[in-house]
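Me: Could you go through this one with me? I'd like to talk about pockets, helix packing and charge pairs.

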Amino acid sequence: MTRGRGRAVLPRAPLAARAALVACLSLVLLAPVACGRERANSSRASSSPSSPAASVSAAPRPPSPRLTDPRWRLAAGDDPLECARLAEAEGASGLLDALDDGGDIALTALRALPHADDADLALAPLAERARAASGPSLAPLLDALLGIAGRPPRPREPLDPDGARAAAAALVELSGRRDLPAEERALAISAARALAEKGLVDPGRIPADLDPAVTGAGTAGGQAPQP
């Protein structure tokens with residue numbers, strides 16, 4: 001310390017020390033900004049379509065092996081015997097699994113289901129799919145339901161009585177939907193009546209508005225619906 005004119009004069013800090021102090025302050029101030037940028041970049045990278053997770057989820061489904069299976073290819077034709085052979089080989093569970101393949105495989109499975117010995121097991125799953133279906137996918141489901149419901153009773157204990165009753169209730173619901181085309185409602189009504197004959201639903205709950213007008217003796221409820 002030096003004295004001049006009665007005032008104390010502090011010595012100036014060395015230039016290197018001041019530069020180090022400025023650098024430390026810069027690191028303290030800029031560190032949060034850098035961390036924020038790093039987190040943002042990491043978030044963008046994880047949500048980018050090119051990330052591995054996104055690529056895996058967007059990968060196309062591989063072709064079904066049923067497309068090249070000779071039994072499925074033969075059953076895709078018009079020969080009901082081939083459908084029966086496929087149904088015997090696959091059973092109701094195998095044919096129901098094939099519905100998830102979609103396209104021609106699903107249509108072949110629906111045509112084959114009424115031929116399966118345990119087809120009654122498919123009533124409830126098919127009815128649930130029919131309730132959720134719309135457009136062109138509904139009619140093939142209703143066709144399959146009608147084919148199964150209309151089979152003669154088998155001399156054995158019911159395989160799934162609760163499922164059959166649930167299917168009957170769903171068919172009654174579908175038969176009353178005025179937003180559906182008359183052809184599809186007619187299929188639902190016919191399937192519901194077939195299950196009513198087996199005591200699975202009250203026939204009085206089934207709509208009869210599609211029945212043809214009846215003159216003379218007889219009732220409209222006993223006639224088959226006409227689209």
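This is a predicted model: local features need pLDDT of at least 70, side-chain atom pairs count only at pLDDT 80 or more; totals for chains, interfaces and linings use all residues.

Me: What volume does the largest pocket have?
Reply: The largest pocket has a volume of about 310 Å³. Its lining is made of 18 residues, and the closest to the pocket centre are Asp-120, Pro-153, Pro-158, Lys-198 and Leu-200.

Me: And which helices each supply at least two residues of that lining?
Reply: Helix α7, spanning 138–149, and helix α8, spanning 161–175, each supply at least two residues to the lining of the largest pocket.

Me: How does the lining of the largest pocket split by class?
Reply: The lining of the largest pocket has 11 nonpolar and seven charged residues, with no polar residues.

Me: OK, the second largest pocket then: how much space lies in there?
Reply: About 180 Å³ lies in the second largest pocket. Its lining includes Leu-99, Gly-102, Gly-103, Ala-106, Leu-107 and Leu-110, and also Arg-129, Ala-133, Pro-136, Ser-137, Pro-140 and Leu-141.

Me: Which element gives the most to that lining?
Reply: That is α5, with four residues in the lining of the second largest pocket; α5 covers 103–112, and both α5 and α7 supply at least two residues each.

Me: And the classes in the second largest pocket?
Reply: Its lining residues divide into eight nonpolar, three polar and one charged.

Me: Switching to packing, at what angle do α8 and α9 cross?
Reply: The axes of α8 and α9, the latter being residues 182–196, cross at roughly 145 degrees and come within 8 Å. The crossing of these two helices is left-handed.

Me: Which residues make that contact?
Reply: From α8 the contact uses Ala-164, Ala-167, Ala-168, Leu-171, Val-172, Leu-174 and Ser-175, while α9 contributes Arg-185, Ala-188, Ile-189, Ala-191, Ala-192 and Leu-195. By class, the residues of this contact between α8 and α9 are 11 nonpolar, one polar and one charged.

Me: Last topic: how many salt bridges does the structure hold?
Reply: The structure holds 15 salt bridges. In one of them, the side chains of Arg-131 and Glu-173 meet at 3.2 Å, taken from N to O.

Me: What does the pair of Arg-131 and Glu-173 tie together?
Reply: Arg-131 lies in helix α6 (residues 123–132) and Glu-173 lies in helix α8, so this pair ties together parts that are 42 residues apart in sequence. As a general point, side chains of opposite charge can pair when their charged atoms come close.

Technical notes:
Residues are numbered from 1 along each chain as its sequence is written. Side-chain values use heavy atoms; hydrogens and water are left out. On a 1 Å grid over the protein atoms alone, a cavity is a set of points where a 1.4 Å probe fits but cannot get out, and a pocket is an open set with protein on both sides within 12 Å along at least five of seven lines; lining residues have an atom within 4 Å of a point. Grid points are joined across faces, edges and corners, and a volume is the space filled by probe spheres set on the points. Ala, Val, Leu, Ile, Met, Phe, Trp, Tyr, Cys and Pro count as nonpolar, Asp, Glu, Lys and Arg as charged, and the others, Gly among them, as polar. Axes are lines fitted to C-alpha atoms, for helices over the stretch in contact, and angles run from 0 to 180 degrees between N-to-C directions. A crossing is left-handed if the near helix is turned anticlockwise from the far one by less than a right angle, and right-handed if clockwise. Contact means heavy atoms within 4.5 Å. A salt bridge is a side-chain nitrogen of Lys or Arg within 4 Å of a carboxyl oxygen of Asp or Glu.
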